[in-house]
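Please examine the structure shown below before reading the questions that follow it.

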Amino acid sequence: MIRIQRISMDHPLYEQEVALRTSVLLKPLGMTIEDYYNMAPGREEKCDHFVAVIDHPTGDKVVGAATLFPPQPDSDETSGKVQQMCVDPQRQGEGIGTNLMIAMEVRAFTELALPGLYCHAQISAMPFYEKLGWEVGSDTFQEAGIDHKRMQIVTPQPSETSK
Ligand SMILES: CC(C)(COP(=O)(O)OP(=O)(O)OC[C@H]1O[C@@H](n2cnc3c(N)ncnc32)[C@H](O)[C@@H]1OP(=O)(O)O)[C@@H](O)C(=O)NCCC(=O)NCCS
C-alpha cells in the first residue's frame, strides 16, 4: 500500500526524501544536496515536500518524492514549479510518479488556487509529463549540463456543462 504525504523539512521522513533525491537525481549529475541548496538559497524551505511512502518491516520507506515551489511575490512567474520529481528505480512504472503529481496538482489547483504548474523536465522524462496532460512550453535549454524543456499545465476550468 502506497500513500502520498505532504511533509515539512523537520518531519522524520525528510531525511529519506533527501536520500532518494540524491541517489536518483543529484548523484548522477555529480551533485550533493548541499550543492542543490546552494543553487537557490532559501528555496528548499519555501517548497511543499511530497513523499510516496510504503509500509516496510523496518518502518515507513520513501519510494518517491517531489517538491512544489510556489510563485513568489517578487517574481513575474505566477505558476508553481514542480521540482525534484523522482521514484525509487525499483518501483518505477507502478504509477507512483503519477500519484505524486496528482497530489501536487490538487494542492496547487484547489488549496493554493494557482493558475498553473510548470517544471524543467529532462528530455528523457518528457513522456511522463505528456501522459499527464502537460505541454511543452519552451525550446531545449541546458540546466546542470543536460538538456531540458519547460513543461506546463494550466488549472482545469469547470466545463460548460457543469456550470
Ligand atoms: C520520471 C519518473 C518520476 C516517473 O515516475 P514513475 O512512477 O516511474 O511513473 P508512472 O509509473 O506514474 O508512469 C506514468 C506513465 O509515464 C510513463 N513514463 C514514466 N517515466 C517515463 C520515462 N522516463 N520515459 C517514458 N515514459 C515514462 C510510464 O511508462 C507510464 O506510462 P503508461 O501510463 O502508458 O503506462 C521516474 O521514472 C523517475 O524517477 N525517473 C528518473 C528521474 C527523472 O527522470 N525524474 C524527472 C526529472 S524531470
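Predicted model: local features only at pLDDT ≥ 70, side-chain atom pairs only at ≥ 80, totals over all residues.

Residues are numbered from 1 along each chain as its sequence is written, and side-chain values use heavy atoms, with hydrogens and water left out.

Q: Which backbone atoms lie 2.7 Å, 2.9 Å and 3.3 Å from an oxygen atom of the ligand?
A: A polar contact is a pair of N or O atoms within 3.5 Å; within protein, one must be able to donate a hydrogen and the other to accept it, and residues adjacent in sequence count only if both atoms are side-chain atoms. A backbone N or O atom lies 2.7 Å from a ligand oxygen in Gly 95 and 2.9 Å from a ligand oxygen in Gly 93. At 3.3 Å from an oxygen atom of the ligand is a backbone N or O atom of Glu 94.

Q: How much of the ligand's area does the protein bury?
A: Accessible areas come from the Shrake-Rupley method with a 1.4 Å probe, and for residues only the protein chains shown count as cover. Taken alone, the ligand exposes 880 Å². Of that area, the protein buries 69%.

Q: Which element gives the most to the shell around the ligand?
A: Helices (H or I, at least four residues) and strands (E, at least two) are DSSP runs, numbered from the N terminus. The elements that give two or more residues to the shell are α1 (14-26), β4 (80-87), α4 (96-111), β5 (116-122) and α5 (126-131). With four residues, the element that gives the most is α5.

Q: How many residues of the shell around the ligand are nonpolar, polar and charged?
A: Ala, Val, Leu, Ile, Met, Phe, Trp, Tyr, Cys and Pro count as nonpolar, Asp, Glu, Lys and Arg as charged, and the others, Gly among them, as polar. By these classes, the shell has eleven nonpolar, seven polar and two charged residues.

Q: Which side chain makes a polar contact with the side chain of Gln 84?
A: Gln 84 is found in strand β4. With a relative accessible area of 13%, Gln 84 is buried (under 20%; exposed is over 50%, and partly exposed in between, with a 1.4 Å probe and protein chains only). At 2.9 Å, the partner of its side chain is that of Arg 21.

Q: Why does Ala 144 count as partly exposed?
A: Ala 144 lies in the loop between β7 (141-143) and β8 (146-154), and its phi is near 50°, a positive value in a residue other than glycine. Ala 144 counts as partly exposed because its relative accessible area is 47%.

Q: What distance separates the C-alpha atoms of Asp 48 and Arg 107?
A: Asp 48 belongs to strand β2 (residues 48-54) and counts as buried at 14% relative accessibility. Asp 48 and Arg 107 are 59 residues apart along the chain. Their C-alpha atoms are separated by 9.3 Å.
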